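Please look through the structure below with its sheet, its core and its charged pairs in mind. The paragraphs after it take up these topics in turn.

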Amino acid sequence: MPALIFDCDGVLADTERNGHLPAFNRTFADVGLPVEWSDADYAVKVRIGGGKERMASLLTPEFVAANGLPADADGQRELLADWHRRKTAIYTELVASGALPARPGIARISRQVAEAGWLLAVASTSAEPSVRAVLEHAVGAEAAAGFRVFAGDIVAHKKPAPDIYELALRELGIGSDDAVVIEDSGNGVEAAVAAGLRTVVTVSAYTVDEDFSAASLVLSSLGDDHEPARVLADPFGIAPGDEVGLADLVALLDHPLPHPTTDATQEDR
């Protein structure tokens, strides 16, 4: 039984700019840190896999000393866990408010593959409560119940390591030849391809200029009535229409993984 595996942030919804960034900044304000990431700052931070890991990037010796933060590893671990719990709660509230609409085609293609008997899953480095909140908002609570969710700190290494996708394959009981991944970032593509997976990219606000030369198909979105899909790279000649559908995913499974090239259509940022 084939599977369609989604990343969460930037794939199910364009969550980074309107969700995670304000949640990080509200958290910093709540705990009294003199930090407010700008859009440009976050364009760099977003390349770090995992929310706690992004926060940990603040903890230089100089920053720790200047703000009276714990300098020992255990103290910093507890501090980051507290910050991240606060941030996750703020972010989940933003999702519940409807501030982060689903990206085009997510509910449609999920329904199509479910009706065809495919497995559905989400594999993300974000915290599981955040992922489940976005998933339910994107496809509805009833449809979300049919997804397996693999998220957060359940693997030793986060993307671009392939751990989360390898775990998903094991838990779903399938091989890499029986799954398609939908990603939005270079790190995500690297992780999926390292796990032997064919990968569709729907570029997002912070990733549009990243290197997707190893992807099987690169699109502006999956497409819907209001926003047709635009093809940015199509190494297999799948030639999807305005809405990427089940037939396009089936066609991808008939092709081998592409190999990265030096003349990629996007440049690594």
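A salt bridge here is a side-chain nitrogen of Lys or Arg within 4 Å of a carboxyl oxygen of Asp or Glu. The model is predicted, with local features requiring pLDDT of at least 70 and side-chain atom pairs counting only at pLDDT 80 or more, while totals for chains, interfaces and linings use all residues. Residues are numbered from 1 along each chain as its sequence is written, and side-chain values use heavy atoms, with hydrogens and water left out.

By the salt-bridge rule the count comes to 13. One of these bridges joins Glu 243 to Arg 108, with the closest N and O atoms 3.5 Å apart. This pair links distant parts of the chain: Glu 243 is in the loop between β7 (231-233) and α11 (246-253), Arg 108 is in helix α6 (residues 106-115), and 135 residues separate the two. Helices (H or I, at least four residues) and strands (E, at least two) are DSSP runs, numbered from the N terminus. For accessibility, buried means under 20% relative accessible area, exposed means over 50%, and partly exposed lies in between (1.4 Å probe, protein chains only). Arg 108 is buried at 13%, whereas Glu 243 is partly exposed at 32%.

Another salt bridge is formed by the side chains of Glu 128 and Arg 132, at 2.7 Å from N to O. These residues are separated by about one helical turn because they are four residues apart in helix α7. Glu 128 is partly exposed at 33% relative accessibility, and Arg 132 is partly exposed at 36%. Lys 158 and Asp 153 also meet in a salt bridge, at 2.9 Å from N to O. Lys 158 is buried, with a relative accessible area of 15%, while Asp 153 is partly exposed at 48%.

Next comes the sheet. Seven strands form an open sheet of mixed pairing, in the order β3-β2-β1-β4-β5-β6-β7. Two strands pair if DSSP finds at least two bridges between them. β3 (147-151) and β7 stand at the edges with a single partner strand each, so one side of each has no neighbour in the sheet. From one strand to the next, the twist averages 25°. Angles run from 0 to 180 degrees between N-to-C directions, and axes are lines fitted to C-alpha atoms, for helices over the stretch in contact. Strand β6 (residues 217-219) pairs with β7 in the antiparallel sense over two bridges. Within that pairing, Leu 219 has Val 231 of β7 as its bridge partner.

Helix α7 lies across β2 and β3 and runs at about 145° to β3.

What has the most contacts inside the largest nonpolar core? In this core of 41 residues, the answer is Leu 4, Phe 6, Leu 12 and Leu 249. Helix α7 (residues 128-139) gives the most to this core, with six residues. A nonpolar core is a set of buried Ala, Val, Leu, Ile, Met, Phe, Trp, Tyr and Cys residues joined through side-chain atoms within 4.5 Å. Contact in general means heavy atoms within 4.5 Å. Not counting residues up to four places away in sequence, Phe 6 touches several residues, including Leu 12, Ile 106, Phe 147 and Ile 182.

Phe 24, in helix α1 (residues 15-30), is buried with a relative accessible area of 0%. Beyond its neighbours within four places in sequence, its contacts include Trp 37, Tyr 42 and Met 55.
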